[in-house]
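Could you walk me through this model in my viewer, one selection at a time? I would like to know what to pick next and what is there.

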Amino acid sequence: MGRLSKEEMDDFLKGPYLARIAVVKEDGSPFIIPVWYEWDGSFIYVVGRKRSGWVNYIRRDNRVCVLIDEDKLPLRKVIIEGHAEIIGTDWVEIGKRMVIRYFGPEVGPKYLEGSLDQPRWVIKITPRKIITWTVPP
């Protein structure tokens, strides 16, 4: 077992893995939601529908924990503790990059077309602490 280097982590985070974001509900209990993400080398960006309850949890308490992992060897994972900030509603460009990354250039844009009319928030997560882990094959 070992840690990923910054380069290995950045490369891993380019993959089409789901991020699981833990947020804090009004009663203090955790709530976890799987989401697509984009990592720019410093911050994680996610997109949430305006009507999603978990976005309101972030608005009330911006502490989050993000897990991105894989279930096949080499079993890499990245855990990011940080703070989330709702930075706007201009989500289409990041949405285009995400659908291509997750569904490919043929299917992705078609998938996006069906949701362009849905209002969404762009959320920026600033890491406070990053933990990485890997088990070599």
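Start with the largest pocket, which holds about 400 Å³ of space. On a 1 Å grid over the protein atoms alone, a pocket is an open set of points where a 1.4 Å probe fits, with protein on both sides within 12 Å along at least five of seven lines; lining residues have an atom within 4 Å of a point. Its volume is the space filled by probe spheres set on the points, which are joined across faces, edges and corners.

Before you go on, note that this is a predicted model: local features need pLDDT of at least 70, side-chain atom pairs count only at pLDDT 80 or more, and totals for chains, interfaces and linings use all residues. Residues are numbered from 1 along each chain as its sequence is written, and side-chain values use heavy atoms, with hydrogens and water left out.

Now select Trp36, Val47, Arg49, Tyr111 and Arg120: of the 17 lining residues, these lie nearest the centre of the largest pocket. Next, colour strand S2 (30–35), strand S4 (44–49) and helix H3 (92–113), each of which supplies at least two residues of the lining. Helices (H or I, at least four residues) and strands (E, at least two) are DSSP runs, numbered from the N terminus. Which element gives the largest share of the lining? That is H3, with five residues.

Stay on H3 and pick Tyr111, which lies in this helix. Tyr111 counts as partly exposed because its relative accessibility is 45%, between the limits for buried (under 20% relative accessible area) and exposed (over 50%), with a 1.4 Å probe and protein chains only.

A salt bridge here is a side-chain nitrogen of Lys or Arg within 4 Å of a carboxyl oxygen of Asp or Glu. Lys96 and Glu93 are three residues apart in helix H3, so about one helical turn separates them. Lys96 is partly exposed at 37%, and Glu93 is partly exposed at 46%.

Jump to helix H1 (residues 6–12), where Lys6 and Asp10 sit four residues apart, about one turn of the helix. Their side chains meet in a salt bridge of 2.9 Å, N to O.

For the last stop, select Asp61 and Arg63, joined by a salt bridge at 2.7 Å, N to O. Is Asp61 buried or exposed? Asp61 is buried, with a relative accessible area of 14%, whereas Arg63 is partly exposed at 48%. The structure holds seven salt bridges.
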